[in-house]
Amino acid sequence: MHTFKPAFIALALAAAASSVHAGDALLVNRVHQEQGLNLPTKGMSMAEVERRFGTPTSKLDARGGGSRHQPVINRWMYPGYIVYFERSRVIHTVLNTPAGNNTDPANPR
């Protein structure tokens, strides 16, 4: 019985390593996809984003702002992506994924 345990652990570790590698590949592909698109970039002001990309389809309620260590985060939705602002500057733009895990942050599942 004791010889079975190390073999089982080795198989489990190998399976976990292959799934992590697949996840890494998906992340790399997504980053390359984002880099090839014309999206709002880090540091742009809200006014610049609206001028270059138009009016968002919706502006979600601000979050945070409870203290100096939790700045106000604003989120604007555009077809295909969401722009995140810290106060009034872009901190990140996220593509909507086919899995749908970030298509409507106003109504998390």
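Biologist: Start with the rings. How many aromatic pairs turn up in a search of the whole structure?

Modeller: The search finds two aromatic pairs. One of them is Y78 with Y81: the ring centres are 5.2 Å apart and the planes lie at 15°, so this pair is stacked. Bear in mind that this is a predicted model.

Biologist: Is Y78 buried or exposed? And what about Y81, buried or exposed?

Modeller: Y78 is at 5% relative accessibility, so Y78 counts as buried, given that buried means under 20%. Y81 comes out at 11% and therefore also counts as buried.

Biologist: What is Y78 in contact with, leaving aside its neighbours within four places in sequence?

Modeller: V49, E50, F53, G54, T55, P56, T57, V83 and N96.

Biologist: Which residues make up the largest nonpolar core?

Modeller: There are eleven: L39, M44, V49, F53, W76, Y78, Y81, V83, F85, V90 and L95. Two or more residues each come from α2 (46-53), β2 (73-78), β3 (81-86) and β4 (89-95). The biggest contribution is from β3, with three residues.

Biologist: And what does the second core include?

Modeller: That one is separate and has five residues, L60, M77, I82 and Y84 among them. In soluble globular proteins, nonpolar side chains tend to be buried together.

Biologist: Back to V83. Where does V83 lie, and is V83 buried or exposed?

Modeller: V83 lies in strand β3. Its relative accessible area is 0%, so V83 is buried.

Biologist: What does V83 touch, not counting residues up to four places away in sequence?

Modeller: P40, N74, R75, W76, Y78, V90, H92 and T93.

Biologist: How are the C-alpha atoms of V83 and L95 separated?

Modeller: By 8.9 Å, with the two residues twelve apart along the chain.

Biologist: Changing topic: the overall fold. How many helices and strands are there in the protein chain?

Modeller: Two helices and four strands. Going from the N terminus, the elements run α-α-β-β-β-β.

Biologist: What order do the strands have in the sheet?

Modeller: The order is β1-β2-β3-β4, in an open sheet with antiparallel pairing. β1 (58-63) and β4 are at the edges with a single partner strand each, so one side of each has no neighbour in the sheet. From one strand to the next, the twist averages 20°.

Biologist: Over how many bridges do β3 and β4 pair?

Modeller: Six, in the antiparallel sense. E86 stands opposite R89, which is in β4.

Biologist: Where does α2 lie?

Modeller: α2 lies across β1, β2, β3 and β4, and runs at about 0° to β2.

Biologist: Now some totals. What percentage of the residues in the protein chain is buried?

Modeller: Buried residues are 25% of the 109 in the chain. The accessible surface is about 7900 Å², and carbon and sulfur atoms hold 60% of that.

Biologist: And the contacts? What share comes from residues 24 or more positions apart?

Modeller: 37%, taken over the contacts in the protein chain with a separation of 6 or more.

Definitions and conventions
Residues numbered from 1 in each chain as written. Predicted model: local features only at pLDDT ≥ 70, side-chain atom pairs only at ≥ 80, totals over all residues. Heavy atoms only, no water. Core = buried A, V, L, I, M, F, W, Y, C linked by side-chain atoms within 4.5 Å. Buried < 20%, exposed > 50% of the residue type's maximum accessible area, 1.4 Å probe, protein only. Contact = heavy atoms within 4.5 Å. Pairing = 2+ DSSP bridges. Axes fitted to C-alpha atoms, helices over the stretch in contact; angles between N-to-C directions. Areas by Shrake-Rupley, 256 points an atom, 1.4 Å probe, with all protein chains shown as cover. Phe/Tyr/Trp six-rings, centres within 6.5 Å; stacked < 30°, edge-to-face > 60°.
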